[in-house]
Amino acid sequence: MDRAHHSEQTKANLKSRLNRIEGQVRAINRMIDEDVYCDDVLTQIRATRSALNSVATQLLDHHMKGCILNKVNKGEEEEAMEELLVTFQKLMKD
């Protein structure tokens, strides 16, 4: 399995975002326990999904500019494009 090579700044940013998302999920769990109005819970779920999408977008950007570009530069264009297609398919699945 290939490994990513994220800078310490990128890792810190991703971890910070994921920690906030983790807090949002805990808040949703509490909201359910406390019988908070459904629309308010759904709003929080939408915000959490948006935050996860933001993390995915940042990772995809890094993947394309780093991992995929490195493969293209090594002459592995077909493998790189296939990997990118699989990555997009994973992201688009619900």
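I count a contact when heavy atoms lie within 4.5 Å.

**Ground rules**

I am working from a predicted model, where local features need pLDDT of at least 70, side-chain atom pairs count only at pLDDT 80 or more, and totals for chains, interfaces and linings use all residues. Residues are numbered from 1 along each chain as its sequence is written, and side-chain values use heavy atoms, with hydrogens and water left out.

**Entry: H62**

I looked up H62 with the contact rule in hand. Setting aside residues up to four places away in sequence, I found that H62 touches H5, H6 and C67. H62 sits in helix 2, residues 38-73. I take helices (H or I, at least four residues) and strands (E, at least two) as DSSP runs, numbered from the N terminus. H5 is 57 residues from H62 along the chain, and their C-alpha atoms are 9.3 Å apart.

**Entry: whole chain**

I counted 3 helices and 0 strands. The order from the N terminus is α-α-α. The radius of gyration is 17 Å, well over the 12 Å that the globule rule gives for 94 residues, so the chain is more spread out than a compact globule. I took that radius over C-alpha atoms; the rule is 2.2 Å times the number of residues to the power 0.38. Along the principal axes, the C-alpha atoms fill a box of roughly 55 × 30 × 20 Å.

Residues 24 or more positions apart account for 52% of them.

**Entry: surface and charge**

Of the 94 residues, 19% are buried. My cut-offs are relative accessible area under 20% for buried, over 50% for exposed, and partly exposed in between (1.4 Å probe, protein chains only). The chain exposes about 7600 Å², and carbon and sulfur atoms supply 54% of that. The areas come from the Shrake-Rupley method with a 1.4 Å probe; for residues, only the protein chains shown count as cover.

I also looked up charges. There are 14 positive and 16 negative ones, and their mean positions are 5 Å apart. Lys and Arg count as positive, Asp and Glu as negative; His and the chain ends are not counted. I placed each charge at NZ of Lys, CZ of Arg, CG of Asp or CD of Glu.

**Entry: residues 4-31**

UniProt, in an unreviewed entry, lists residues 4-31 as "coiled-coil region". UniProt positions are in the numbering used here, feature names are shortened, and annotations may be inferred rather than shown by experiment. In the model, this span is 86% helix and 0% strand, and its end C-alpha atoms lie 36 Å apart.

Is T48 buried or exposed? T48 is buried, with a relative accessible area of 5%. T48 belongs to helix 2. Beyond its neighbours within four places in sequence, T48 contacts I21, Q24, V25 and I28.

L18 is in helix 1. I found L18 partly exposed, at 39% relative accessible area. M64 is 46 residues away along the chain, and the C-alpha atoms of L18 and M64 are 21 Å apart.

**Entry: D35**

D35 lies in the loop between helix 1 (8-33) and helix 2. I read its phi as near 55°, a positive value in a residue other than glycine. Most residues other than glycine have a negative phi. D35 is exposed, with a relative accessible area of 69%.

**Entry: E78**

E78 lies in helix 3, residues 77-92. E78 is exposed, at 72% relative accessible area. I28 is 50 residues from E78 along the chain, and their C-alpha atoms are separated by 43 Å.
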